Amino acid sequence: MKYSIEGGTLPVVICTLEAGESMITERGSMCWMSPNMKMETTSNGGVGKALGRMFSGEALFQNRYTAQGGPGTIAFASSFPGCVRAFDIAPGRELVVQKSGFLASEPTVELSVFFQRKLGAGFFGGEGFVMQRISGRGTAFLEIDGHVVEYYLQAGQSIIVDTGYLAAMEASCSMDIQSVPGVKNALFGGEGLFNTVVTGPGRIYLQTMPISQVAGQIGPFISTGS
C-alpha cells in the first residue's frame with residue numbers, strides 16, 4: 001500500500017493498493033475510489049470487538065475495501081478541518097486515541113476499546129472514560145482537530161493539558177486528572193475545574209482546535225428558532 005496526504009487543513013489520504021490489498025475504514029469515511037475496489041461491511045473480529053469499537057465512539061461495523069483484478073485507488077477524507085497523520089503500528093508501538101480519531105488502516109491493524117485505569121481521568125479528564133486503542137501491525141491513519149504538536153515525555157515527565165487537547169498518546173503513557181488550584185482560579189479563570197495530566201515515557205500528540213471547543217464558541221451564535 002502506498003499513500004499520499006493532500007489538502008492542507010482540509011486533508012484527504014489517497015491510498016494506492018495492489019491487487020488483493022485491503023483497507024479498513026469507519027462508515028462514511030470513503031470519498032472516492034476506482035471501480036475495481038470491492039466494499040464489504042464487516043464486524044471485523046466478531047460481536048465482542050464490534051461492541052468495543054461502538055463504546056469507544058466508532059461504528060458497530062467497519063467497511064473493508066479490496067482492490068480486485070489489479071491496482072486500485074481509494075481516498076479517505078477528514079470530517080473536520082485539521083490534519084491526517086499516518087502511524088506505523090506494531091507490538092510495543094500501540095496508540096491510545098481520542099474518540100472518533102480513527103480514520104482508516106490496513107486490515108492487520110486492530111481497533112479496540114481502551115478503559116482508563118483511574119476513574120477520575122475518565123470522568124473529568126476531557127477524553128471520556130473510554131478511548132480507542134490501536135494495536136496490531138501496519139499503517140493507521142488518524143484525523144486530528146487543527147494542527148498537531150508532538151512531545152516526547154521521558155519516564156516520570158508530565159505535561160498538563162487542557163480538556164480536549166489530547167489527540168493521542170503512546171500506550172506506554174498514563175493519564176490522570178488534577179483540579180485547578182484555588183477556588184477563584186477554578187470558578188473565574190475560564191479554564192474549567194480540571195486539567196488532564198499525561199505522564200511518560202512515550203510520545204503524545206496534542207491538537208490545537210478540538211471540535212468541542214469550536215462548538216462551544218459558535219453555539220451562542222446559532223439560533224435554535226421558536
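# Exercises on a predicted model

Ser 105 sits in strand 10, which spans residues 102-105. The model is a predicted one. Work through the exercises in order.

## Exercise 1

Decide whether Ser 105 is buried or exposed, and list what Ser 105 touches beyond its sequence neighbours.

**Solution.** 
- Step 1. Take the relative accessibility of Ser 105, which is 1%.
- Step 2. Compare with the cut-off: buried means under 20%. Ser 105 therefore counts as buried.
- Step 3. Set aside residues up to four places away in sequence; Ser 105 then touches Met 23, Ile 24, Thr 139 and Ala 140.

## Exercise 2

Describe the chain as a whole: its helices and strands, its buried share and the reach of its contacts.

**Solution.** 
- Step 1. Count the elements: four helices and 19 strands.
- Step 2. Take the chain of 226 residues; buried residues make up 43% of them.
- Step 3. Keep the contacts between residues at least 6 apart in sequence. Of these, 78% join residues at least 24 apart.

## Exercise 3

**Solution.** 
- Step 1. The structure has two salt bridges.
- Step 2. One of them pairs Arg 85 with Glu 150, with the closest N and O atoms 2.5 Å apart. Arg 85 belongs to strand 8 (residues 82-89) and Glu 150 to strand 14 (residues 148-153), so this pair links distant parts of the chain, 65 residues apart.
- Step 3. Arg 203 also forms a salt bridge with Glu 150; here the closest N and O atoms are 3.7 Å apart. Arg 203 is in strand 19 (residues 202-207) and Glu 150 in strand 14, so the pair ties together parts 53 residues apart in sequence.
- Step 4. Check the accessibility. Arg 85 is partly exposed at 24%, Glu 150 is partly exposed at 34%, and Arg 203 is partly exposed at 29%.

## Exercise 4

Work out how the rings of Tyr 3 and Phe 141 are arranged, then do likewise for Phe 87 and Tyr 205.

**Solution.** 
- Step 1. The count of aromatic pairs is three. Two are treated here, starting with Tyr 3 and Phe 141: ring centres 5.0 Å apart, planes at 80 degrees.
- Step 2. Planes over 60 degrees apart count as edge-to-face. The pair of Tyr 3 and Phe 141 is therefore edge-to-face.
- Step 3. Tyr 3 lies in strand 1 (residues 2-6) and Phe 141 in strand 13 (residues 138-145), so the pair ties together parts 138 residues apart in sequence.
- Step 4. Compare their surroundings. Tyr 3 is partly exposed, with a relative accessible area of 41%, whereas Phe 141 is buried, at 0%.
- Step 5. Turn to Phe 87 and Tyr 205. Their ring centres are 5.0 Å apart and their planes stand at 85 degrees, so this pair is edge-to-face.
- Step 6. Phe 87 is in strand 8 and Tyr 205 in strand 19, so the parts tied together are 118 residues apart in sequence. Both Phe 87 and Tyr 205 are buried.

## Exercise 5

Identify the members of the largest nonpolar core that touch the most other members, and the elements that give two or more residues to this core.

**Solution.** 
- Step 1. Recall the background: in soluble globular proteins, nonpolar side chains tend to be buried together.
- Step 2. The largest nonpolar core has 16 residues; Phe 87, Ile 89, Leu 95, Val 97, Ile 134, Leu 142 and Tyr 205 touch the most other members.
- Step 3. Two or more residues each come from strand 8, strand 9 (95-97), strand 11 (109-115), strand 13 and strand 16 (166-170).
- Step 4. Look at Ile 89. Beyond four places in sequence, its contacts include Leu 95, Val 109, Ile 134 and Ala 140.

## Exercise 6

Locate Glu 94 and find its nearest side chain of opposite charge.

**Solution.** 
- Step 1. Glu 94 is in the loop between strand 8 and strand 9.
- Step 2. Glu 94 is buried but has no salt bridge. The nearest side chain of opposite charge is Arg 133, 4.2 Å away. A salt bridge needs the atoms within 4 Å.
- Step 3. A polar atom of the Glu 94 side chain lies 3.3 Å from the backbone nitrogen of Gly 92.
- Step 4. Leaving out residues up to four places away in sequence, Glu 94 touches Arg 133, Ile 134, Ser 135, Met 169, Glu 170 and Ala 171.

Conventions. Residues are numbered from 1 along each chain as its sequence is written. This is a predicted model: local features need pLDDT of at least 70, side-chain atom pairs count only at pLDDT 80 or more; totals for chains, interfaces and linings use all residues. Side-chain values use heavy atoms; hydrogens and water are left out. Buried means under 20% relative accessible area, exposed over 50%, partly exposed in between (1.4 Å probe, protein chains only). Rings of Phe, Tyr and Trp (its six-membered ring) pair if their centres lie within 6.5 Å; planes under 30 degrees apart count as stacked, over 60 as edge-to-face and the rest as tilted. A nonpolar core is a set of buried Ala, Val, Leu, Ile, Met, Phe, Trp, Tyr and Cys residues joined through side-chain atoms within 4.5 Å. Contact means heavy atoms within 4.5 Å. Lys and Arg count as positive and Asp and Glu as negative; His and the chain ends are not counted. A polar contact is a pair of N or O atoms within 3.5 Å; within protein, one must be able to donate a hydrogen and the other to accept it, and residues adjacent in sequence count only if both atoms are side-chain atoms.
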